[in-house]
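Good morning, and thank you for coming.

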Amino acid sequence: MKLRRYNEKKHMYEDYNVPNEWNIKLITNDMNEIINCCQCGKEMRFGDSYTSMQVHNALGLGYAVCEKCYYEKEWVERNKYRNETN
């Protein structure tokens, strides 16, 4: 499945592919639904997910991401490149 991932260093979106069998979501009515993290593929309950700051649909809405990827990947990358430009 082709998604869009924001490249913090280049300040632009790039194509980002995830396996078709991953169950990735922007939103769902079932907070207990088991989904995959859009960054690492880890299975989790939708209700335990965070909104990705990097992986978005064409409208800029973020897919669900696990806590580890949100804090240890996305926040770290965002702060790294923000600090380099300031």
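I shall speak about the sheet, then some single residues, then the salt bridges and the cysteines.

First, a word on the source. What you see is a predicted model, in which local features need pLDDT of at least 70 and side-chain atom pairs count only at pLDDT 80 or more, while totals for chains, interfaces and linings use all residues. Residues are numbered from 1 along each chain as its sequence is written, and side-chain values use heavy atoms, with hydrogens and water left out.

Let us begin with the sheet. Helices (H or I, at least four residues) and strands (E, at least two) are DSSP runs, numbered from the N terminus. Two strands are said to pair if DSSP finds at least two bridges between them. In general, the strands of a sheet pair through backbone hydrogen bonds, either parallel or antiparallel. Here, four strands make up an open sheet, in the order 2-1-5-6, with antiparallel pairing. At the edges are strand 2 (12-17) and strand 6 (62-65), each of which pairs on one side only. On average, neighbouring strands of this sheet are turned by 60 degrees against each other, direction ignored. For such angles, axes are lines fitted to C-alpha atoms, for helices over the stretch in contact, and the angles run from 0 to 180 degrees between N-to-C directions.

How many bridges join strand 1 to strand 2? There are six, and the two strands run antiparallel. Strand 1 (residues 2-7) also pairs with strand 5 (residues 50-56), in the antiparallel sense, over two bridges. R5 shows both pairings: this residue stands opposite E14 in strand 2 and opposite V55 in strand 5. Strand 1 has two faces, a covered one with L3, R5 and N7 and an uncovered one with K2, R4 and Y6.

Strands 1 and 2 form a hairpin, with four residues between them. H11 lies in the loop between these strands, and its phi is near 55 degrees, a positive value in a residue other than glycine. For accessibility, buried means under 20% relative accessible area, exposed means over 50%, and partly exposed lies in between (1.4 Å probe, protein chains only). H11 has 48% relative accessibility and therefore counts as partly exposed.

The next residue is M12, in strand 2. M12 is partly exposed, with a relative accessible area of 43%. Not counting residues up to four places away in sequence, M12 touches R5, Y6 and N7, where contact means heavy atoms within 4.5 Å.

Now to strand 5, where H56 is found. Is H56 buried or exposed? H56 is buried, because its relative accessible area is 9%. Leaving aside neighbours within four places in sequence, H56 is in contact with several residues, including L3, Y13 and Y63. The side chain of H56 also reaches the backbone oxygen of M53 at 3.3 Å.

I turn to the charged side chains. Side chains of opposite charge can pair when their charged atoms come close. A salt bridge is a side-chain nitrogen of Lys or Arg within 4 Å of a carboxyl oxygen of Asp or Glu, and the structure holds six of them. In one, K10 meets E14 at 3.0 Å, N to O. K10 has 53% relative accessibility and so counts as exposed, whereas E14 is partly exposed, with a relative accessible area of 28%. In another, E33 meets K25 at 3.4 Å, N to O. K25, at 22% relative accessibility, counts as partly exposed.

A further salt bridge joins E77 and K73, whose closest N and O atoms are 3.3 Å apart. Both residues lie in helix 1 (residues 67-85), four residues apart, about one turn of the helix.

Finally, the cysteines. How many disulfides does a search of the whole structure find? The search finds zero, a disulfide being a pair of cysteine sulfur atoms within 2.5 Å. The sulfur of C40 has its closest cysteine sulfur in C69, but at 3.7 Å this is too far for a bond. For the sulfur of C69, the closest cysteine sulfur is that of C66, 3.7 Å away and so too far for a bond. C69 is buried, with a relative accessible area of 9%, whereas C40, at 41% relative accessibility, counts as partly exposed.

Note on methods. A polar contact is a pair of N or O atoms within 3.5 Å; within protein, one must be able to donate a hydrogen and the other to accept it, and residues adjacent in sequence count only if both atoms are side-chain atoms.
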